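This note sets out several points for a colleague who is meeting the structure for the first time. The points follow below the display.

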Amino acid sequence: MQRIESHASRGGVQEVWQHGSATLDCAMRFGIYLPPQARERACPVLYWLSGLTCTEQNFITKAGAQQFAAEHGLIVVAPDTSPRGDAVADADGYDLGKGAGFYVDATQAPWAAHYRMHDYVANELPALVEAHFPANEARAISGHSMGGHGALVLALRHPGRYRSVSAFAPIVAPSRVPWGEKALAAYLGDDRRAWQAWDACALIAAATERLPLLVDQGGADEFLATQLRPELLEQACREAGHPLTLRRQPGYDHSYYFIASFLGDHFAHHARALGLRAA
């Protein structure tokens, strides 16, 4: 592991680390914020998954998360959104390949050699964090857009792994919207039955854990009607009796202005589930 950035922030430190990933077979970077409480005790970890085109930098520089992490005593880990490097397959456009890993484990060539972001976030990354930083085994997960999809799917596929989950403008039904259809067909093949294991709305019906979902969606989001379709998540949760708080925020778009406006509520949601009290 190599630390490549370190910045004092809100009494703690915002760092960026690079390491060789066995899961992805490439070098990966992740941002980690260590709150001031981490100098005295092991702290729970919130994993943040970013959206299309992002790296580990977008969230740590734009969201203002350090303020809330320091307030609650939460370590925040923000990985990159896909494998990287010259040997890693890529595609034209922003919605497939590098920057668009979709947090699935690819089965199709040429993607299967590196694109295993689900396995990386679920297993390799937390093992690394808990081995090298003052982190305990209490985890929460959140994300935005493609990363919101990833957060929901990770929580639903791994009952008991996370104490809480939330999302901003998530792609809730990737098997039924253009972004998801393109990515899932490339990474998983054309059998749509295989896609259901990576679709939050499909997973809700068979969920064995009823972890409450907190979702914020901007009413002025340009992708609302075509790519995000939160009404599908509402329907799936209603039919399954799964707890969902879906907050539609009038006037807000898909940007980090939206995320920064409501991120404090999400941190409070996770802190309550993790048994933390604000400083």
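**Notes on the predicted model**

1. The largest nonpolar core has 97 residues, and those with the most contacts inside it are Ile141, Tyr187 and Leu263. The model is a predicted one. As general background, nonpolar side chains tend to be buried together in soluble globular proteins.

2. Setting aside residues up to four places away in sequence, Ile141 touches Leu46, Tyr47, Leu49, Val121, Ala151, Leu154, Ala155, Tyr162, Ser164, Val165, Ser166 and His270.

3. Helix H2 covers residues 65-72. Is H2 mostly covered or mostly open? H2 is mostly covered, since six of its eight residues are buried. The buried residues are Ala65, Gln66, Phe68, Ala69, Ala70 and His72. Their cover includes strand E1 (2-9), strand E2 (12-21), strand E3 (26-34), helix H1 (57-62), E5 and H10. Just after H2, Gly73 has a positive phi of about 75°.

4. The pairing of H2 with helix H10 (residues 256-274) may be considered next. Their axes come within 10 Å and cross at roughly 30°. An angle under 35 degrees counts as roughly parallel, and H2 and H10 are therefore roughly parallel to each other. The crossing of the two helices is right-handed. On the H2 side the contact is made by Ala65, Phe68, Ala69 and His72, and on the H10 side by Leu263, Gly264, Phe267, Ala268 and Ala271. By class, this contact has seven nonpolar, two polar and no charged residues.

5. Leaving out residues up to four places away in sequence, Ile259 touches Trp48, Ala63, His144 and Phe168. Ile259 and Asp190 are 69 residues apart in sequence, and their C-alpha atoms are 34 Å apart in space.

6. The contact involves His118, Val121 and Ala122 of H3 together with Val153, Leu154 and Arg157 of H4. These residues divide into four nonpolar, one polar and one charged. Both Val121 and Leu154 are also among the residues that Ile141 touches.

7. Apart from neighbours within four places in sequence, Lys98 is in contact with Ser82, Pro83, Arg84, Gly85, Asp86, Val88, Ala89, Asp90 and Tyr115. Lys98 and Thr53 are 45 residues apart in sequence and 7.8 Å apart in space, C-alpha to C-alpha.

Key
Residues are numbered from 1 along each chain as its sequence is written. This is a predicted model: local features need pLDDT of at least 70, side-chain atom pairs count only at pLDDT 80 or more; totals for chains, interfaces and linings use all residues. Side-chain values use heavy atoms; hydrogens and water are left out. A nonpolar core is a set of buried Ala, Val, Leu, Ile, Met, Phe, Trp, Tyr and Cys residues joined through side-chain atoms within 4.5 Å. Buried means under 20% relative accessible area, exposed over 50%, partly exposed in between (1.4 Å probe, protein chains only). Contact means heavy atoms within 4.5 Å. Axes are lines fitted to C-alpha atoms, for helices over the stretch in contact, and angles run from 0 to 180 degrees between N-to-C directions. Helices (H or I, at least four residues) and strands (E, at least two) are DSSP runs, numbered from the N terminus. Angles under 35 degrees count as roughly parallel, over 145 as roughly antiparallel, 65 to 115 as roughly perpendicular and the rest as oblique. A crossing is left-handed if the near helix is turned anticlockwise from the far one by less than a right angle, and right-handed if clockwise. Ala, Val, Leu, Ile, Met, Phe, Trp, Tyr, Cys and Pro count as nonpolar, Asp, Glu, Lys and Arg as charged, and the others, Gly among them, as polar.
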